Amino acid sequence: MLPSPSCLLDAPSLCRVIFALLVFSTAHGEIPKPDDAPKPLSPAESAKLFQVPAGYQIRLLASEPLIHEPSGICWDDKGRCFVCELHGYNVEGQYDIDELNKSGQLDLEVRRIQASEAAKKKAEAETYGTVKLLRDTDGDGVMDKAIVWADRLPPCYGIAAANGGLIVACAPHIVFLKDSDGDDKADVNEKLFSGFGTGNLERGINAPTLGPDGWYYLGRGWAGGEITGPHLAKPVKLPATDFRIRADGSAIEPVSGSTKTMGMAFTPGGERFVCTTTHPGLYVTPIPWRYLTRNPDAAAPLLDAPASDDTHVYPISKPHPWRTKREQHAEYFAFYRKISLSDAAASGYFTSACGPLVWRGQYFVCEPAQSLIHRADIVRDGTRLRLERVKGEEQSEFLASRDSWFHPMSLARTPDGNMAICDFYREIIEDYSAIPRHLQQQYGVTHGNDRGRIWILEAKDTDAHPKLSAAEALVLKLRKEDDKPLDAATRALSLKQELEPNLALQLALSVGADQEALLALARNHGQLKWMDAAIASSAYHLEKDLLLALTSNPGKSEPVMNNLAGIIASRGDAKEISACLAVVTSGKAGDILRLGLEETKPLPQQAEVPVPTAPSAEQNAAWEKRVPAVLAALKEKPNLEDGRVLFQSICGACHKSHGIGVSVGPDLDAEFQRAPEVILRDVLFPSEAARPGYETLRVKTQRGETLLGIAASDSPTSVTLKLPGGAERTVLRKRAEIRTLRNVSLMPAGLGDALKPEQVASIIAFLRSAP
């Protein structure tokens with residue numbers, strides 16, 4: 001028996017044959033519509049496809065046509081239910097492929113691109129937010145009436161009840177809505193704060209959440225400018241972190257940690273989790289921002305980190321066919337595998353974690369792309385919290401649906417203690433640009449944008465609400481009363497050898513400049529994670545005294561001593577450093593001090609490092625004239641080996657690709673997914689569109705050094721620079737002049753003059769080649 005023709009082809013070849021046939025079939029006709037797309041279900045049908053553990057049940061609260069595209073839900077102090085909606089998601093992508101489909105050709109090029117500017121402009125009219133009051137007029141438990149409180153707001157990413165009204169996160173504003181006359185309609189619509197950044201609809205400032213301290217916390221969203229408001233004394237500049245506000249608009253300030261998607265969750269004790277697409281929970285360092293600002297000589301620790309190494313999920317719905325086809329497409333799989341396996345695989349890994357909630361003592365987070373809600377136990381590990389899969393759910397999920405249109409994106413507590421689930425019910429939830437263009441063309445990317453559901457998850461056991469331990473309750477009390485001096489009994493705790501780790505850490509922050517208490521905490525608990533930073537926060541102007549006292553009786557204080565030595569060294573006072581070295585003669589602290597003393601010596605006279613500037617219009621025009629020649633060279637067969645050598649010698653000091661170079665600027669291993677024309681503009685016009693997070697900083701130290709680099713981390717007191725070549729330097733803000741160079745890339749301009757067109761083409765071909 002002869003093998004079938006397909007058996008004679010390997011997978012990549014078979015893919016190319018299939019796509020060639022697709023191209024042939026569409027050359028003189030419409031784009032074919034696939035027959036394998038999952039179909040929407042009615043709420044009643046969808047409800048039958050949920051899988052929940054014993055002791056829980058799920059029911060519908062609201063659905064289309066009453067609501068569509070819900071992004072947040074809350075209840076006010078009168079028990080009224082409100083929903084906000086986010087409209088316009090993926091619309092620009094749909095307009096883009098609508099235009100492309102007129103050609104009758106499938107775009108089979110392996111890359112990831114944004115919609116055209118024309119499509120983005122056209123989508124603006126359909127990109128907005130809505131806030132609705134929902135009513136159950138017949139008492140059957142399902143909402144049957146919606147009253148629009150606000151429409152045509154900027155896109156809404158969450159709401160919270162406050163001051164008798166609602167706080168709405170809708171960048172570039174935070175809006176306050178209120179019904180002041182009791183007619184169920186909002187007659188107050190005030191912009192509490194303005195100036196937040198906007199960008200792709202994947203995210204924005206989000207999820208206003210009432211913290212245990214009475215402030216409302218929000219996710220950071222896109223970078224913005226100065227924040228203004230009618231009740232602020234003066235504009236506020238926020239760093240790249242989450243932030244908190246007073247509900248009356250009188251204050252806004254940064255907080256430690258930042259969600260990388262949408263949402264955050266507080267434990268009853270006031271500790272906070274955020275999340276990112278591929279990690280279900282990041283634990284926020286339990287040192288509030290205001291403590292980190294107290295000692296301007298102390299560098300801050302990392303402000304959040306994954307609370308679990310487990311990034312697997314176990315869906316019961318079938319992945320959308322586009323995901324399966326992308327995984328089976330050899331070139332696209334290789335394309336996304338360079339980023340991560342979770343990006344390339346059709347399912348099985350977190351790719352869209354968002355909307356976390358701590359409920360009934362456990363941690364819950366949405367994974368909308370795979371139609372499930374993940375649950376984890378919160379486990380105390382010294383001064384931090386970890387997340388662990390619940391026993392019995394090692395290879396399953398708390399809540400999952402076989403309806404692949406179910407896309408949970410945010411969670412909230414109901415007034416009666418249950419869980420509300422906002423279901424962004426639609427066919428495709430992923431950002432359109434992650435979907436191969438030929439599959440966008442066939443499936444579309446906005447089906448279901450007229451739908452949406454709210455589900456209520458009820459627990460039969462109403463008593464599973466754990467109470468705070470004595471240590472957790474005291475930590476929360478100390479945080480709330482951090483402007484008050486410690487009473488004698490609480491201060492006495494700081495001298496004890498046996499303390500709960502989280503309480504010891506908070507005491508190090510709360511005792512302030514109490515030398516006896518700080519010494520006891522350092523000796524008894526100095527080995528605890530973050531204790532060195534907490535003591536440094538309280539020890540401003542006490543660093544030398546503490547270091548010398550600990551030298552003769554260190555106890556467990558080695559990490560604390562090393563940090564104190566680093567602070568003293570960074571101040572650059574030779575007399576102070578020498579006095580410390582007379583006592584601290586050995587160990588790592590001594591090494592740090594000796595290095596600090598060496599750095600107090602003035603540098604030889606150096607030529608002033610010029611400040612990079614954006615190229616002039618004349619330079620841009622000259623480089624623009626070179627674009628056609630490079631594009632022509634790209635159509636030839638570029639020399640990959642020449643490209644590798646050129647990349648290593650010219651680009652490798654700041655970029656990494658194919659295992660060559662160092663990651664200062666963006667890692668370029670994923671460049672194969674970008675169109676060559678786009679890469680060309682990055683090479684010739686590096687300042688044209690600098691990527692967020694890679695802005696160039698110019699730092700001039702008091703010692704006379706001038707440094708140019710990218711911010712590796714940023715804190716209230718310091719900044720860590722990544723320098724060309726990969727080295728890192730941490731500098732204190734008070735000992736340096738730090739300037740962000742807007743619209744100026746660290747990458748040198750003028751490569752278009754220095755390189756021949758065929759050399760630029762070879763570099764681009766190398767970046768787009770298989771590893």
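These legends go with several close-up views of one protein, taken from a predicted model.

Residues are numbered from 1 along each chain as its sequence is written. Since the model is predicted, local features need pLDDT of at least 70 and side-chain atom pairs count only at pLDDT 80 or more, while totals for chains, interfaces and linings use all residues, and side-chain values use heavy atoms, leaving out hydrogens and water.

**View 1. The whole protein, before we zoom in.** Here you'll find 24 helices and 35 strands. Those are DSSP runs numbered from the N terminus: helices are H or I with at least four residues, strands are E with at least two. Of the 771 residues, 52% are buried, where buried means under 20% relative accessible area, exposed over 50%, and partly exposed in between (1.4 Å probe, protein chains only). The protein exposes about 33800 Å², and carbon and sulfur atoms supply 53% of that; areas come from the Shrake-Rupley method with a 1.4 Å probe, and for residues only the protein chains shown count as cover.

**View 2. Helix α12, tucked away.** Look for residues 501–510: 9 of these 10 residues are buried, so α12 is largely enclosed by the rest of the structure. Among the buried ones are N502, L503 and Q506. The buried residues of α12 pack against α5, β23, α10, α11, α13 and α14, with contact meaning heavy atoms within 4.5 Å.

**View 3. The largest nonpolar core.** This core has 60 residues, and I287, Y363, L503, I535, L546, L547 and L593 have the most contacts inside it. Helix α12 gives the most to this core, with 6 residues. A nonpolar core is a set of buried Ala, Val, Leu, Ile, Met, Phe, Trp, Tyr and Cys residues joined through side-chain atoms within 4.5 Å. Apart from it lies another core, of 28 residues, including Y89, L201, L411 and L457.

View 4. Strands β23 (residues 372–381) and β24 (residues 384–389) run antiparallel, joined by 6 bridges; two strands pair if DSSP finds at least two bridges between them. The hairpin has 2 residues between its strands, and G382 in the turn has a positive phi of about 65°.

**View 5. H374 and its neighbours.** Staying in strand β23, find H374. At 5% relative accessibility, H374 counts as buried. Its side chain makes a polar contact with the side chain of E397, at 2.9 Å. For a polar contact, you need a pair of N or O atoms within 3.5 Å; within protein, one must be able to donate a hydrogen and the other to accept it, and residues adjacent in sequence count only if both atoms are side-chain atoms. Other residues that H374 touches include P280, F350 and Y363.

**View 6. A four-strand open sheet.** The order is β17-β18-β19-β20, with antiparallel pairing. β17 and β20 stand at the edges with a single partner strand each, so one side of each is left without a neighbour in the sheet. Between β17 and β18 there are 2 bridges, and F266 stands opposite R272 in β18.

**View 7. A cysteine on its own.** The count comes to 0 disulfides, a disulfide being a pair of cysteine sulfur atoms within 2.5 Å. For C81, the nearest cysteine sulfur, that of C74, is 7.6 Å away. C81 is buried, with a relative accessible area of 2%.

Terms used: Lists of a residue's contacts leave out its neighbours within four places in sequence.
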